[in-house]
Amino acid sequence: MSAKLRVAVLFSGRGSNLRALCEDAAKPGRPYEIIAAITNRPGAAGIRIANDFGVPVHVIDHTGFDSREAFDAALDETLEACRADLAAFAGFMRILTPGFVTAWAGRLVNIHPSLLPRFKGLKPQQQALDAGVSVSGCTVHFVTPGVDEGPIIDRAEVPVMPGDTAETLSARILEAEHALYPRALTRIAEGAVRFSP
Ligand code: GRF
C-alpha cells in the first residue's frame, strides 16, 4: 500500500472535528493519518482530544508574536518539521497571510458551516437563518487568500427546521461536518481532488 497522506489538524477551540478526523483515521485501511494537532490557543479544549488519541500537540500561541508574518513563519516551520502533506483547519480562528497561503496552496483545507459560496465569514448559521433559507449545510474547501473563497471540495446539506435557533441549526450542521470532513480528506488522499494554482 502507498504511504498515507500526512494530515496536521489546526484548531482553536472545542475540537469536535479534530475528534471526528482522529476517529476516522484510526480505522483500518484509511488513506490518511493525523500526524499532528496544532493550536494557537494554549487553553483549547481540543488539546485533550488530541492527547486521548496520542496525536502530538503543538501550541503556537499567537499572543507571543509581534506580527502575523512571524506567527505564520512559526506555523510553517512546525508543519515542515512534522512533514505534513496537508493542513486541515477545523475551527482555526486565524486569518493567515497571503504569503503563507500561497506557499501552502493546494495543501490547506478548511471546513465552514454553510453551503459556500453562501454565508462566508462569521456566524454563518445565523446568516442562513436571517436569509430564511430552508436548506443549509457545510463545505470543505481549499484555502486561498480570500476568506472562505477557495475551490470547493465537497458539501453536505442539512435542513433548516421551523423554530431553529443558531444553536439548534449549528448542532445539526456540526453532525454533518463530522461525516463530511473525513469523506473530503479521503478524496484528497486518494487523489480524486487536487488544487494546483
Ligand atoms: C465548526 O463549525 C467549523 O465548521 C467552524 O468552526 C467550528 C469548529 O468546531 N469552522 P469544532 O472545534 O471542530 O468542534
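Is Cys82 buried or exposed, and what is its relative accessible area? In this predicted model, Cys82 is buried, with a relative accessible area of 12%. The structure holds 0 disulfides, and Cys82 accordingly takes part in none, the nearest cysteine sulfur being that of Cys22, 13 Å away.

The largest nonpolar core comprises 41 residues, of which Val7, Ile34, Val109, Tyr181, Leu185 and Ile188 touch the most other members. Helix 6 gives the most to this core, contributing 8 residues. Beyond its neighbours within four places in sequence, Val7 is in contact with Tyr32, Glu33, Ile34, Ile35, Ala36, Leu86, Ala88 and Leu185. Another core, of 21 residues, lies apart from the largest one and includes Leu10, Ile35, Ala87 and Val101. In soluble globular proteins, nonpolar side chains tend to be buried together.

Helix 6 itself spans residues 166-189, and its 24 residues reach 33 Å from the first C-alpha to the last, a distance close to the 34 Å expected at 1.5 Å a residue. Just after the end of helix 6, Gly191 adopts a positive phi of about 80 degrees.

Methods:
Residues numbered from 1 in each chain as written. Predicted model: local features only at pLDDT ≥ 70, side-chain atom pairs only at ≥ 80, totals over all residues. Heavy atoms only, no water. Helix = DSSP H or I, 4+ residues; strand = E, 2+ residues; numbered from the N terminus. Expected span 1.5 Å × (residues − 1). Core = buried A, V, L, I, M, F, W, Y, C linked by side-chain atoms within 4.5 Å. Buried < 20%, exposed > 50% of the residue type's maximum accessible area, 1.4 Å probe, protein only. Contact = heavy atoms within 4.5 Å. Disulfide = S-S within 2.5 Å.
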